[in-house]
Amino acid sequence: MKTNCDAGCHIAFEVESFSTTRIGDGVDKIYFVCPHCQYEYVAFYTDPEIRELQVKIRRIQQRFANPRADTVKAVQREAELKQQIKGKMDALRARIESGQS
Ligand SMILES: [Zn+2]
């Protein structure tokens with residue numbers, strides 16, 4: 001993934017990997033850092049509930065590889081979970097970045 005260091009040195013760079021840090025209260029911060037100026041960009045936050053949903057979604061995605069699975073239902077369920085995860089991530093991020101917890 002190529003990105004531009006908009007908030008830092010404005011140099012484009014390739015995001016090679018995300019790092020994870022536990023910031024307390026079971027919350028993980030997933031982020032990457034500009035290799036030029038070390039500016040940190042948060043990709044998203046997870047809490048135990050979100051991580052559980054991520055496990056569920058991975059399990060569902062494995063069904064896509066199974067030709068006998070009911071993929072219509074799996075696709076539907078995947079979309080529902082994605083929506084749930086996004087909503088929870090947005091709420092968690094807003095909570096963390098507003099300084100309350
Ligand atoms: Zn930078």
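This report walks through a predicted model, from its zinc site to its ring pairs, salt bridges and strands.

## Basis of the model

Residue numbers start from 1 along each chain as its sequence is written, and side-chain values use heavy atoms, leaving out hydrogens and water. Because the model is predicted, local features need pLDDT of at least 70 and side-chain atom pairs count only at pLDDT 80 or more, while totals for chains, interfaces and linings use all residues.

## The zinc site

Four cysteines hold the zinc ion as protein donors: Cys5, Cys9, Cys34 and Cys37. Each gives its SG atom, and the donors lie 2.3 Å from the ion. Donors here are N, O and S atoms within 2.8 Å of the metal (3.2 Å for Na, K and Ca); water is not among the atoms, so sites may look incomplete. Along the chain, the donors follow the spacing C-x3-C-x24-C-x2-C.

The site is tetrahedral, with angles of 104 to 113° among its four donor atoms.

Cysteine 9 sits in the loop between strand S1 (2–4) and strand S2 (12–14). Cysteine 37 sits in the loop between strand S4 (27–33) and strand S5 (40–46), so the pair ties together parts 28 residues apart in sequence. Strands (E, at least two residues) and helices (H or I, at least four) are DSSP runs, numbered from the N terminus. Cysteine 9 is partly exposed at 28% relative accessibility. Cysteine 37 is also partly exposed, at 32%. The classes are buried (under 20% relative accessible area), exposed (over 50%) and partly exposed (in between), with a 1.4 Å probe and protein chains only.

## Aromatic rings

A pair of aromatic rings is described by the distance of the centres and the angle of the planes. Rings of Phe, Tyr and Trp (its six-membered ring) pair if their centres lie within 6.5 Å; planes under 30 degrees apart count as stacked, over 60 as edge-to-face and the rest as tilted. The count comes to five aromatic pairs. One of them joins phenylalanine 13 and tyrosine 41, with centres 6.5 Å apart and planes at 40°, so this pair is tilted. Phenylalanine 13 belongs to strand S2 and tyrosine 41 to strand S5, so the contact ties together parts 28 residues apart in sequence. Both residues are buried.

Tyrosine 41 also pairs with phenylalanine 32. Here the centres are 5.6 Å apart and the planes at 20°, so the pair is stacked. Phenylalanine 32 is buried, at 11% relative accessible area. For tyrosine 41 the value is 16%. Ring pairs link Phe13, Phe18, Phe32, Tyr39 and Tyr41 into a cluster.

## Salt bridges and a charge over a ring

Side chains of opposite charge can pair when their charged atoms come close. A salt bridge is a side-chain nitrogen of Lys or Arg within 4 Å of a carboxyl oxygen of Asp or Glu. The model has eight salt bridges. In one, arginine 22 meets aspartate 28, with the closest N and O atoms 2.4 Å apart. Arginine 22 is exposed at 52%, whereas aspartate 28 is buried at 8%. Salt bridges that share partners join Arg22, Asp28 and Arg51 into one network.

Lysine 29 bridges to glutamate 40, with the closest N and O atoms 2.7 Å apart. The two lie eleven residues apart, lysine 29 in strand S4 and glutamate 40 in strand S5. Lysine 29 is buried at 15%, and glutamate 40 is partly exposed at 35%. The charged end of lysine 29 also sits over the ring of tyrosine 31, 5.2 Å from its centre. This label needs NZ of Lys or CZ of Arg within 6 Å of the ring centre and within 35 degrees of the ring normal.

Another bridge joins aspartate 90 and lysine 86 (2.7 Å, N to O). These residues are four apart in helix H2 (residues 71–97), a separation of about one helical turn.

## Strands and a loop

S4 and S5 pair in the antiparallel sense over six bridges. Two strands pair if DSSP finds at least two bridges between them. Aspartate 28 stands opposite threonine 46 in S5. The hairpin of S4 and S5 has six residues between the strands, and there glutamine 38 takes a positive phi near 65°.

Aspartate 6 is found in the loop between S1 and S2. Aspartate 6 is exposed, at 53%. From aspartate 6 to glycine 26 is 20 residues in sequence and 30 Å in space, C-alpha to C-alpha.

How values were computed:
Tetrahedral: all angles 85-135°; square planar, octahedral: opposite > 155°, others 65-115°.
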